[in-house]
Amino acid sequence: MSRPVPDFYQSLTDLAGKAIKDRDLGNKITIQVGSATCEHAAGSQVIAEEFLRQIRASGRKDIVIHRTGCTGRCSREPIVSVQVPGRLPVKYERVNRDLVFRIFSEHIQGDAPVTKHILDRTSDVISERELMFCEGSRCRRPGPDFRARFIAMLKERAVGPEKVRVVASSCFGSCGVSGGKASTFILARPEKILYQISSEEDLTELLESHVLLGLPVERLKAKEEPIALEFLERYGDVAFFNHQSRIALRNAGVVDPESLEEYVALDGFKALSEALDRRDPDWIISELTKARLRGRGGGGFSTGTKWGLARKQADTTRFIICNGDEGDPGAFMDRSMLESDPFNIVEGMIIGGYAIGAQRGFFYIRAEYPLAIKRIQLAIDHCRAHGLLGKDIMGSGFDFDLEIRLGAGAFVCGEETALIRSIEGERGQPKVRPPYPTDRGLWGHPTCINNVETFANVSAILRYSGDWYARIGTERSGGTKVFALAGKVVHTGLVEVPLGTTLSKVVNDIGGGVSGGKQLKAIQTGGPAGGFIPASMQDMEVDFEPLQKAGSIMGSGGMIVLSEDDCMVDIAKFYMAFSQEESCGKCTPCREGTTRILEILERITLGKGQPEDLDKLHRLSRLCQRTSLCGLGRAAPNPVLSSIKHFRDEYLAHIHDKHCPAKKCVALIHYEIIAEKCIGCTVCARNCPVECISGARKEAHVIDQQACIKCGNCFDVCKFAAIDRV
Amino acid sequence: MSACCSSTDNWPELERGYRAMLPEDILAFIDENRQMDRSESMLIATLHMIQGHYGHLGPGHLEAVAQLMQVPLAKVTGVATFYHYFRLQPRGKYLINVCLGTACYVKGAEKVAQKLMDELGIRYGETSKDGIFSLESTRCVGTCGLAPVIMIGDEVHGPLTPGQVPTLLDSYLARAAEDLAAASAPEAR
Amino acid sequence: MSQMINLKIDGESILVPEGTTVMDAAEQIGIHIPRLCYHPDLSLEGNCRVCVVAVEGFDHGLASCATKAWEGMEVQTNSPMIRQARRDIVELLLDNHPKDCQTCDRDGHCELQNLSYRMGVRERLFEGKRKQFPIDDAGASVVRNAEKCILCGRCIRVCGEVQGVFNLSQHGRGFHTVVGPANLAPMDESACIQCGQCVSVCPTAAFIEKDHTERVWEALSQRRNGKHVVVTTAPAIRAALGEAFGLPIGTPVTGKMVTALHRMGFDSVLDVNFAADLTIMEEAHELLHRIETGGPLPMITSCSPGWISFLEKFYPELIPHTSSCKSPMQMQSTLVKSYYAQQKGIDPKDIYVVSVMPCVAKKFEAGRPEHVIDGMPTTDAVITTRELAVMIKSYGIDFHRLPDSVFDHPLGSSSGAGDIFGATGGVMEAALRTAAFKLTGQNLGNVDLTMVRSADGSIREASISLAGKTINVAVSDGLQNAKILLDAVKRGEKAYHLIEIMACPGGCIAGGGQPYPPMGTYTLNRDLTKARSKALYKIDAAKTIRCSHDNPDIQKLYADFLGEPLGPKAHELLHTHYTARTPRGIR
């Protein structure tokens with residue numbers, strides 16, 4: 001009676017435990033199908049239905065379909081994972097109807113995985129078990145290279161890959177439990193055991209007992225589990241994932257986003273229960289401050305400080321808002337988190353509400369994200385039904401409720417004062433700051449606005465401590481950051497890495513490098529408010545300050561890889577067009593300035609640039625930066641300034657030589673047929689929309705330059721590389 | 001000297017007219033919100049409902065919302081024109097949204113868009129003559145891994161090449177024809 | 001007591017009360033930071049960015065108008081970066097603005113023009129495309145020209161915050177943003193009540209009044225064909241016209257004004273103040289009649305056409321409460337085309353009545369069908385004080401050197417009660433002076449009823465005991481105030497016999513048609529309205545006849561022509577009716 005919150009939490013976990021137990025998944029074959037917007041787009045719904053049909057047709061009762069959110073492995077979707085009890089899960093990529101049939105008949109019915117279609121397949125061998133060596137910065141510190149030693153031991157004893165596979169993995173985030181000993185963490189799968197190895201003897205025992213005999217070594221077991229245990233268990237063998245450190249995304253692709261029970265079973269609401277039980281909001285704020293958690297929306301402001309500021313206000317009517325108005329073109333972290341692990345975000349918000357003393361919280365989500373809206377609503381409804389929202393949450397006496405407000409297609413609403421206006425039902429135009437929302441925000445009351453990803457980290461920090469989180473990142477910024485990796489990169493998708501990871505590691509090790517074997521030219525971070533990091537600086541560590549120093553920003557996490565084929569003036573123009581289109585129109589420099597900057601960039605890409613244009617761009621850009629009312633206007637010129645800074649030559653080539661080095665700007669290129677290479681197949685002539693290519697069959701063709709509209713069709717369709725873009 | 005009191009009040013009559021312009025669920029939503037503090041903050045949510053119901057926001061809808069929510073009409077139209085998600089013109093059966101997010105842009109979304117324009121004979125913001133397709137561009141739909149993508153209705157298609165556009169459009173035309181046939185079939189019998 | 005704060009502006013230490021903006025603090029040490037969207041009587045938006053200053057610790061400028069000073073703040077108002085930024089911001093506004101200063105209505109009075117000169121914008125570095133919108137000049141009173149709009153948002157703020165009409169909003173966004181009524185509909189098809197406050201706060205010519213000067217020149221030119229052109233001036237004109245000629249604010253110029261109008265060739269120069277006295281006669285009798293018969297009370301005055309439009313669109317159920325008296329302008333014009341015509345032996349069809357008004361809504365009022373008799377409008381043209389000044393200047397009259405002269409007769413005399421109509425509370429004061437006489441049989445000992453006068457924009461209430469009866473009254477100016485008052489009455493919290501409502505804050509002397517104040521002074525400024533109304537009260541105080549019923553010409557008019565107040569003839573000529581109108585305003 002004296003401790004209602006732990007009692008409440010206990011009954012919640014009992015309830016969840018029973019529900020999970022009733023499903024008896026431990027003895028069943030699980031077919032896991034992703035269910036998020038991008039998975040749906042790739043056809044996952046059809047796949048799931050097809051599996052269901054197969055299961056019914058087979059009459060087997062020991063096969064179930066498990067729907068989860070998205071792992072963030074976008075370019076290989078839909079992804080299907082088949083988990084047979086006691087075995088390592090097998091993931092298939094780009095699954096279609098035919099493959100469903102093969103997976104079902106060969107793998108599930110016939111016990112022979114369809115190795116050709118395994119996700120990021122590196123070998124045809126299906127290992128019995130796997131050992132993942134944590135290579136986070138703390139585990140990798142000077143000392144014996146346990147992984148190399150272990151591989152050598154395997155070789156000595158001729159233990160092959162069918163028995164065990166050894167994998168290097170990014171930080172498990174287990175450092176907090178190491179107790180200061182120099183040691184390395186190893187995750188053994190499929191047993192899901194975390195070992196802590198400090199000596200060669202430990203390694204030997206691990207090999208002899210666990211690997212060869214299948215007997216777990218109790219002595220070496222770590223005291224706690226890594227936060228992303230379930231994730232690692234399911235996806236740890238894939239290079240794309242095991243170079244990541246998943247905290248915010250730990251449940252993405254693991255839990256059924258519509259199941260409260262599954263979330264609770266993964267220690268969901270444990271952090272909330274502890275926070276409420278302590279009856280000490282300041283403890284939450286102090287943990288976040290220790291964690292050095294900084295706003296993941298791009299501002300990088302300390303979350304602990306922000307919450308502390310709101311908490312200190314005399315006005316006790318307070319609000320907390322989750323900013324899910326993810327608007328950067330090329331960013332989809334927030335959508336994925338909202339869709340794949342909604343309860344985690346809800347938990348983060350309730351904790352935030354308690355910390356600052358708010359009564360109401362709002363999810364502000366883009367209307368373009370219907371699935372995210374649906375899942376958050378479902379999560380809110382479940383939480384209300386289970387006493388996790390509403391009056392007297394978890395028996396603690398804390399009253400708090402959440403509601404969703406929809407965005408309606410305005411990038412500027414990601415700016416906090418504009419977002420507040422939008423929630424108030426107004427045109428989303430920013431207001432002058434100060435006063436900051438923590439002083440006077442929604443309806444004039446203290447308001448905290450945090451990004452989705454910020455909330456996604458809160459429960460983990462409270463469970464594993466602020467110090468633990470701080471150790472994962474850099475001196476100035478704790479923890480991890482999620483990036484949406486896209487553009488000219490082999491593997492596109494969601495990447496969560498410790499702050500301080502190098503850009504190169506993200507792009508090359510995780511992203512698999514530039515697609516098509518092209519040269520890396522630059523990495524764009526921060527979306528339209530960000531800038532370009534040239535390839536020469538790819539060893540830069542990802543953190544707020546270094547990026548800003550290089551003329552870019554962290555932003556909310558968009559990361560676009562640009563190759564030698566991309567024209568920097570053209571890309572700068574693309575971002576400027578976006579900012580100009582999204583300018584709210586309230587203040588002069590942004591409304592008028594972005595328009596003029598765009599006009600100049602358009603002029604340059606059309607080959608009509610004037611020598612003074614660079615100065616004008618610079619002057620207008622500085623004007624926007626220095627005098628715009630809100631962050632959108634102040635950051636809008638960043639792509640222009642950073643591209644001028646790092647790629648001035650390209651601008652000069654456009655302006656002075658009327659030449660586009662990347663051969664991208666249509667007005668500055670033309671197509672020619674190389675007579676020696678042309679075999680006269682006529683394909684180009686047939687595909688020319690303006691019929692400007694002439695030539696007899698089996699003779700070299702010619703392009704009429706006057707008539708050519710430079711659409712590039714001929715270039716794309718020629719199989720003999722006989723068309724030259726100059 | 002003066003006519004009697006209530007005859008000059010046009011509100012009951014106006015209110016009847018405005019209520020007739022919106023469906024029941026939206027009226028109920030508005031009425032419910034009117035009971036709450038700061039009910040004007042539900043304006044955007046109400047506009048979403050109307051667009052969800054009618055596909056666009058007509059002048060009459062906006063007027064009815066203004067009057068029934070007691071929010072100045074200028075504010076309502078100011079809000080409706082600020083947010084690009086809101087459409088003030090009716091649109092075709094299928095809305096095609098070309099994603100012009102960065103990933104799609106660098107992977108050739110413009111060429112796909114051009115092909116769509118050529119095939120449909122319309123530009124952004126327009127509706128095809130048969131009333132089946134409307135073409136819009138949108139900022140990132142968040143499926144960058146599939147770039148370049150377009151959305152037709154709620155469905156995302158990608159990665160697309162210009163060459164795949166005609167087949168894709170044909171599949172929707174066939175669907176539209178099926179729907180039409182299904183709708184007219186009972187009457188035929 | 002508010003706390004004091006130390007800050008440094010341009011190196012100079014200064015102590016200001018907490019809550020002072022940086023702009024105001026700078027003013028204290030004699031630095032006038034350039035500004036554009038700022039208006040001292042409206043909310044602070046900080047959107048034009050002209051007033052940016054550099055503040056230590058910020059890598060971007062802060063809008064000094066909207067930033068409150070804090071302890072230890074260090075401000076630079078004129079760093080090289082800030083100076084160039086200001087110049088560039090103004091240029092960016094010009095780059096998206098028509099290049100037609102010489103032919104623009106605001107030439108010489110334009111805040112943008114003035115600012116661009118002061119900021120030293122001498123060349124256009126960034127010119128490109130310019131916004132293009134059609135001009136809406138279909139309205140009777142207000143012309144909207146969005147191409148001249150610089151999106152400062154003052155009109156939106158005044159329309160909502162001061163007038164409670166909320167008829168204007170930005171539409172679209174970014175470069176395509178445009179200010180207008182809902183759906184960018186024509187002004188007269190919107191909830192606009194034509195008060196013209198948007199015109200008076202607009203820094204450029206994005207909102208201007210509908211021009212009637214050309215038709216006045218045309219009428220004057222028709223005198224040779226027998227047209228008899230009468231001009232009649234409202235009470236508030238004489239208190240503000242001088243400003244247009246550089247005279248100090250609050251200089252009464254009645255005599256010069258009359259002389260100028262004579263010089264311009266008007267056949268007769270009459271005074272609407274006469275009709276103001278007449279309005280009081282009718283209105284006071286109507287009030288007493290209502291009190292006797294229990295007719296709808298409170299009774300609300302009807303002089304302000306902006307208020308009447310507001311009534312019809314926002315509070316139509318209060319139409320029975322509103323006095324049926326025509327406005328003084330309409331009474332005067334009606335009498336010109338009846339009584340005056342009869343006296344002068346001129347066919348009313350040959351008379352052309354020009355009203356000079358401080359008001360933009362009067363143009364709309366003149367066109368109302370109720371005021372068209374036999375296909376003939378009673379008022380043919382309404383020019384604002386501003387338009388009159390333009391006409392005087394274009395005629396080449398040296399206003400300063402004009403001798404004084406007096407109004408013509410009949411319809412040219414007035415009591416002090418008629419004179420104070422131009423200030424908020426004036427109608428109430430005048431009505432009470434006459435009501436007191438009617439109830440007690442004698443004039444008040446002190447006719448200065450200062451409790452209904454105002455200079456600070458607050459709603460005033462008063463109770464006055466007359467012959468054992470207590471008369472409760474209330475006065476409001478600015479329609480947002482009217483809303484507060486009327487809603488309180490509707491909720492039954494307040495019971496009054498008479499309410500005076502003026503649409504414009506300060507009354508007619510701050511009407512939408514008054515001269516643009518000198519650069520650096522703002523319309524709505526209470527010092528400005530105070531000075532102008534002081535001029536009117538001075539005129540009143542100097543008169544021997546200070547009550548409408550004592551005006552011998554009024555007595556003669558009733559005796560010779562109208563009969564009794566509220567009598568059949570008076571009713572036919574001096575009273576009107578109102579109708580509920582759409583679009584209905586949101587209150």
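This short talk covers a buried helix in chain A, an open sheet in chain C, and the domains and a helix pair in chain B.

First, the ground rules. This is a predicted model: local features need pLDDT of at least 70, side-chain atom pairs count only at pLDDT 80 or more, and totals for chains, interfaces and linings use all residues. Residues are numbered from 1 along each chain as its sequence is written, with chains lettered from A and ligands numbered from 1 in the order in which they are written. Helices (H or I, at least four residues) and strands (E, at least two) are DSSP runs, numbered from the N terminus.

Start with chain A. Helix α16(A) spans residues 416-423 and is mostly covered. How many of its residues are buried? Eight of its eight. Buried here means 20 or more other C-beta atoms within 10 Å of the residue's own, with C-beta atoms placed from the backbone. Among them are E416(A), R421(A) and I423(A). What do the buried residues pack against? In chain A, β9 (319-324), β10 (360-365), β11 (401-406) and β12 (447-451); in chain B, α3 (43-54). Contact means C-beta atoms, placed from the backbone, within 7 Å. Just after α16(A), G425(A) takes a positive phi of about 90°.

That α3 of chain B comes up again. The axes of α2(B), residues 24-34, and α3(B) come within 10 Å and cross at roughly 175°. Axes are lines fitted to C-alpha atoms, for helices over the stretch in contact, and angles run from 0 to 180 degrees between N-to-C directions. So α2(B) is roughly antiparallel to α3(B), a label for angles over 145 degrees. From α2(B), the contact uses I26(B), F29(B) and I30(B); from α3(B), T46(B), M49(B), I50(B) and H53(B).

Chain B also has a domain assignment: domain 1 (10-82) and domain 2 (94-184). Their C-alpha centres lie 31 Å apart.

Now chain C. Four strands form an open sheet, ordered β12-β11-β14-β17, with parallel pairing. Two strands pair if DSSP finds at least two bridges between them. Why is one side of β12(C) (268-271) and of β17(C) (381-384) left without a neighbour in the sheet? Because each stands at an edge, with a single partner strand. Neighbouring strands are turned by 25° against each other on average, direction ignored. Strand β11(C), residues 228-233, pairs with β12(C) over four bridges. T233(C) stands opposite D271(C) there. Helix α10(C), residues 328-344, lies across β11, β12 and β14 (351-357) of chain C. The helix runs at about 155° to β14(C).

Note on methods
A residue is buried if 20 or more other C-beta atoms lie within 10 Å of its own, exposed if 12 or fewer, and partly exposed in between; C-beta atoms are placed from the backbone. Two residues are in contact if their C-beta atoms, placed from the backbone, lie within 7 Å. Domain bounds come from an automatic or database domain assignment. Angles under 35 degrees count as roughly parallel, over 145 as roughly antiparallel, 65 to 115 as roughly perpendicular and the rest as oblique.
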